[in-house]
Amino acid sequence: MEKLKDSGSDRPGTSSAKPEADDSQAALEPLKITRAIFEVVSTLQSPEAVQHLLPELLPVLLQQISATLGKEMPFSKVSGRGKLFLKGHTSDDNPCRLSLETLEAVLRACLHGGWLWLLRKQGAWAALEDPRAHHDGVCLLTGVLLRAGIVSLPVVLVVTQWLDSPSANRRVMAAACAELMKAPVPWERRCLQPIVGALLQKSRDPSGTVRQMAARGLGNLARGAPETLREHRGAVVAALRSGLEPRVAAAVAAESLLALARVVEELRGKGLGASFRDLARDAAAFFNAEEAALRAAAFTLYGALAASASRRWRPFLAEELGSTWASLVLHLGDPDPGACRVCRGALQLCVLLPGLQWLRQSIAVGAGLSAAELLDDICGQLAWESLEHQQALYVAARRCFLQGCGEVRAAGLQVAGVLVAHAGTVWLTAEEAMLLGAALRVLRRDADPRVQQAAARLLQDTGLDQLQRRR
């Protein structure tokens, strides 16, 4: 363990002036040590020694997993015994898998078999080995270890220090802290304030994955430490809103929106101040996002705001719905089932606010309908309502098929088609008809077949293709 600790310290790397063989030999050394730990643990007759060493051994192996993630075996220009020691092992080509198998051998001596089965069922080992899903694997592993009761204070103290590591992989491994926030046990509470401070700081980390995990941890405060959340609510909301800035990765933005939804639900809209207004507008800005997960997260936050709006903010949100209801109705036709389902839930909460009484009955009566059937029913109702509502839904649809991504463009065209089927084109002025016809002819040649088909169908249903032929 001591050798592995030294090999994995955050000291600067070896000099490039060293021969390649020396570098490879240095990289091979911790793998030989990891293999040695595997051999020792696998041959022990009693698990007591491993159980006794677990508080030290667990952080060491997690450190080694982060160090080998995405790497290849350093066999280049290395000869003899070092290579022979690893040969015949199932992980010859993957040092991270060797580290994971060693950790699994250690946990086999410390955990009931049911916990190991749960880790496999959840796909924790496969996720830990995959650089793209590693952070989720860390959270799955931490969750199981917490429930099994083998995460101790010394382990938490070591992992917390990794939040400031110069290694991005090590900081991602500290994603365990995000899981710890779900239900801090009494001895963890002494670490709570420092961890919250570190998570707030990491919400601006250069690594998008670290920022994503920081947002998840801050959102988990709503479940595990609501008092701490209330104490730091202003800083937490500000940190999470920083994840919604332009050019931030979609995964970070989606995680931040979901975390904000948990915060809003816990605070029940109280103590947010003017942030309530900002959050409503932040969420609406992502309704037509290209990524389905981002749209779903935006609808989740909007629904949480509608459910928790205090007397002070209900009039504001009702006024906002004057411009956002059409987008919510539109996404009842969202091509992603998850985003569609969350959107419907948000709409059901929004119609309880003043200003959408005319839509409330359709939502209530359509409780047993599919989303597509409900959308069709609402468009049928709009045919008998004011021209203003028909135009508002068309404008929302037009925004989607002119500015959205492929699947959102197709959804916007389909909704416009449903509206045309029920209400005709009375809401189209001569100028709008000309612009719509031109846009549809362009979209008919779109790279996405779904957009092509929907544009051709709408062009025919509106009769704008005939108008072009007559001209």
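Predicted model: local features only at pLDDT ≥ 70, side-chain atom pairs only at ≥ 80, totals over all residues.
Two packed helices are described by the angle between their axes and the distance between the axes. Here, helix α12, residues 189-202, packs against helix α13, residues 208-224, at an angle of about 140°, and their axes lie 9 Å apart. The two helices α12 and α13 are therefore oblique to each other, and their crossing is left-handed. On the α12 side, the residues in contact are Arg189, Val196, Leu199, Leu200 and Lys202; they meet Val210, Arg211, Ala214, Gly217, Leu218, Leu221 and Gly224 of α13. Sorted by class, this contact of α12 with α13 has 7 nonpolar, 2 polar and 3 charged residues.

Lys202 is buried, with a relative accessible area of 9%, whereas Asp164 is exposed at 54%. Salt bridges with shared partners join Asp164, Arg171, Lys202 and Asp205 into one network.

The model has 22 salt bridges. One of them joins the side chains of Arg35 and Glu39, at 2.9 Å from N to O. Arg35 and Glu39 are 4 residues apart in helix α2, which means that about one helical turn separates them. Arg35 is buried, with a relative accessible area of 10%, while Glu39 is partly exposed at 31%. Another salt bridge is formed by Asp130 and Arg132, whose closest N and O atoms are 3.3 Å apart. Asp130 is partly exposed, at 22% relative accessibility, and Arg132 is exposed, at 71%.

Note on methods. Residues numbered from 1 in each chain as written. Heavy atoms only, no water. Axes fitted to C-alpha atoms, helices over the stretch in contact; angles between N-to-C directions. Parallel < 35°, antiparallel > 145°, perpendicular 65-115°, else oblique. Left-handed = near helix turned anticlockwise from the far one by under 90°. Contact = heavy atoms within 4.5 Å. Nonpolar A, V, L, I, M, F, W, Y, C, P; charged D, E, K, R; others polar. Salt bridge = Lys/Arg side-chain N within 4 Å of Asp/Glu carboxyl O. Buried < 20%, exposed > 50% of the residue type's maximum accessible area, 1.4 Å probe, protein only.
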